[in-house]
Amino acid sequence: MRPEMTAASLDTTARSSAERGALARARLLRGLLPALSLALVLLAIAWLNPRAISYFGFSLMLNLAIPIALATIAQMFVIAGNELDLSIGTFVGFVGCVTATWLKDAPLIGVAILLGSIGVYALLGALIHLRNLPSIVVTLGMSFVWQGLAILVLPKPGGKAPDWLLAFMAFKPPFVPFPIIAALLIGLIVHFGLMRTSYGVILRGSGGNPAALGRAGWSLLKTKIVLFALAGLFGVLSGMALIGITTSADANIGNGYTLLAIAGVILGGGEFVGGRVSPIGAVIGALTLALAASPLLTFMHIPPDWQVAANGAILIIVLAARVLISRRER
Amino acid sequence: MVAGNADIIRLNGAEKHFGAVRALGGVDFHVGPGECVGLVGHNGAGKSTLMHMVAGTLVPDSGQIGVHGGIEDNYSVSRAQQLGIRCVFQELSLCPNLSVAENTRINHASLRGFGWRRKAAELIAAKLDEIFPGHSISASDIVGDLSIGRRQMVEVARAFTVTQDRLDLVILDEPTSSLDAHTAGQLLAFVRRFVAGGKSCILISHVLGEVLRNADRIVVMRDGKVVVADAAGAFDRDRLVTAMGGAEARQKIAAQVADAKPGASALRVRARPAVQKDGTDLVARAGEIIGLAGLAGHGQTDLLLAIFAAASRARAGIEVTAPVALVAGDRQSDGIFPQWSIVQNIGIRSLARLRNGLLISPQREAELAAVWQKKIGIRTPDMNNNIFSLSGGNQQKALFARALGSDAQIVLMDDPMRGVDIGTKLEVYDLVQEEARRGRTFLWYTTETEELDNCDHIYVFKNGRIVANLGRDELTEEKIIQSSFGDAA
């Protein structure tokens, strides 16, 4: 090589490694954003009501965070494959109704129904891939199916959670409240599965560049089925956790979860396309939404009618911050 | 009957059609061990289609594929990988959301289980060190953060990594297009070492010098066929260019039109591509038809869009003195309003003139459409039918009617004749000539060299820059190929 050429390329090397350092810093900042927003909400609560920051306070405030976190993880799997699930809320409601009736009265049939519903989710993934259907349309249709089934199973509010489930959700570990331990476990397990295992790479790759994955010989049908089945699995866990806390069910109990789950994924640093998701971020996003929704508002003496609006406001603020960070990257 | 058992791959009589378009018409092609085969040809000559077949991503309509002497009936990507055939595609096939190591894992099913991340990282880092010493890419970098050149380096290095499957043949489709001269040199040197080790390569490049210097054998394709295949030593630049473009001089269609033009009319457009370093401008005057030539995607469309934008908001380096209309090339995504009728699709560019008070006058809209239906010959029983009731060629005519029916004195054409039948083409050529005689200016980007015969002046583009500026009398296909394949970057 000619000397000036080498010099030039060394120069660009130095410059681009500095650029990449800046990129890495921006990515770190963006990765910390969910944690920062959670910390902000916690600080606000501590300032408004210092007594809430206690073992008992957290157990109470974060009680409903576990089912929300599980539903958010379910949504995250779907979003990782560049799809969207508008039926997760009514699905959680359906699972809740089955849990409060069949799972208690006839456990075997209950288990079969829940496993079958995960199978239905897997089939939806296959259908969406094979027929090239927009997932929004398919899952919007399915949301009415789940809702209808829930009403068939439990026409009016009632039923009762199985005793073992009640006992499990009422578990009181020493020092650290159960919801925090559960959230940590959920986040870490899913992080390991999706971000660290060799097949997790393939699942995320199917959202990043499906054509490349297909050329490398991987089955996109299989990745889609696996992602949707995982969404179904976590939807089932979410519904069961919810009934373990509320002790009885209602066909409409999960309806709000669809948008909460989407908001949680996005709040946690995920993006709608491109396979960019973060399990730990998603769990943190779910916790933030759960905290900001009712406890914070109660302490601020704002009526619960404003809950949804408050969630929206948090989402807008965090997304605006993310846009600002991304703009600085360029 | 696959002959020559020593060949790594052999295709006999491979044919492929996409709809009515014949992409490959009975091609015989083979690669032996320890040779680097150079593959050259103009856009659409069928190189990529042929390579997709070798890599297993496309199945030929007819013909035979043999690998390592055995006939493959169910040839596929995974079969090709088992047999040691890999391809670096022109479009990058990395996942931008994954790290370099994770992208390596995607190509190796055996990288799994405990410690796979470390193994993948070591594998790709070692290969990058071998091919591009001093590359400064880390295996943990997220691909989306890397520059396009570095991504290409990762993609090339990944194709040469070996785990359990064998590796005999790597297809490199424009491997140096995003690399600087230094890294391109490193890659080509590595290719020579790879071939010297008894393995094989197929090298596709638009830089003819690269092919001439590095290939052992060169295959030239044109119009979906192999026209020449010979040892690299038997070629020089001129012979390659001649083989690619067809030597026979063609008849000029409308030379007489040019002579009638006045010498210097009013300036309509003066534009300089954003990356142009010397002072070359594209200049278009009233009544001129200006051709934009060169290989596809070398900045022609960008310049047209910049001119279009400059008409409504001033931009540095671009001067536009009259209203502009654009005829889109990709009519399905950029041109047509699919829910609208033919009349509405034609009228949208002229709404200001079609207004009656605050509302659009359906009557004036219909009049405008009727005039152009007659003039341009849109074949339909009712102009109020949905635009999709028309054939592709007639849809394109409606888009021409939209532009020509407007007040625009400058018409930008972004390769509008793609996939249009020859009859429609000739009608539109005549219309363009006629409108130019009336003083309209046309800027015409085309990938079909014959269409340039309609132009008064041709600018050839390469890497976003104007590299040649030809008058009508200087225009030959060879000249255009010479400049668009020029080695000087």
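Helix H6 of chain A covers residues 107–130; at 1.5 Å a residue, its 24 residues should span 34 Å, and the end C-alpha atoms do lie 34 Å apart, so expectation and model agree. The model is predicted.

**Helix H6 of chain A**

- Buried residues of H6(A) are A:Gly110, A:Leu114, A:Ser117, A:Ile118, A:Tyr121, A:Ala122, A:Leu124, A:Gly125, A:Ala126 and A:Ile128.
- The cover over these buried residues includes four helices of chain A: H4 (88–100), H5 (102–105), H7 (135–153) and H12 (220–246).

**Fold and dimensions of chain B**

- Chain B contains 17 helices and 21 strands.
- For 489 residues, a compact globule would have a radius of gyration near 23 Å; the value for chain B is 26 Å, which agrees.
- Along the principal axes, the C-alpha atoms of chain B occupy a box of roughly 75 × 50 × 50 Å.
- Among contacts in chain B with a separation of 6 or more, 67% are between residues 24 or more positions apart.

- Of the 489 residues in chain B, 54% count as buried.
- The accessible surface of chain B is about 20300 Å², and carbon and sulfur atoms contribute 51% of this area.
- Chain B carries 54 positive and 56 negative side chains, with the centres of the two sets 3 Å apart.

Note on methods. Residues are numbered from 1 along each chain as its sequence is written. Chains are lettered from A and ligands numbered from 1 in the order in which they are written. This is a predicted model: local features need pLDDT of at least 70, side-chain atom pairs count only at pLDDT 80 or more; totals for chains, interfaces and linings use all residues. Side-chain values use heavy atoms; hydrogens and water are left out. Helices (H or I, at least four residues) and strands (E, at least two) are DSSP runs, numbered from the N terminus. The radius of gyration is taken over C-alpha atoms; the globule rule is 2.2 Å times the number of residues to the power 0.38. Buried means under 20% relative accessible area, exposed over 50%, partly exposed in between (1.4 Å probe, protein chains only). Contact means heavy atoms within 4.5 Å. Accessible areas come from the Shrake-Rupley method with a 1.4 Å probe; for residues, only the protein chains shown count as cover. Lys and Arg count as positive and Asp and Glu as negative; His and the chain ends are not counted. The place of a charge is taken as NZ of Lys, CZ of Arg, CG of Asp or CD of Glu. The expected span of a helix is 1.5 Å times one less than its number of residues.
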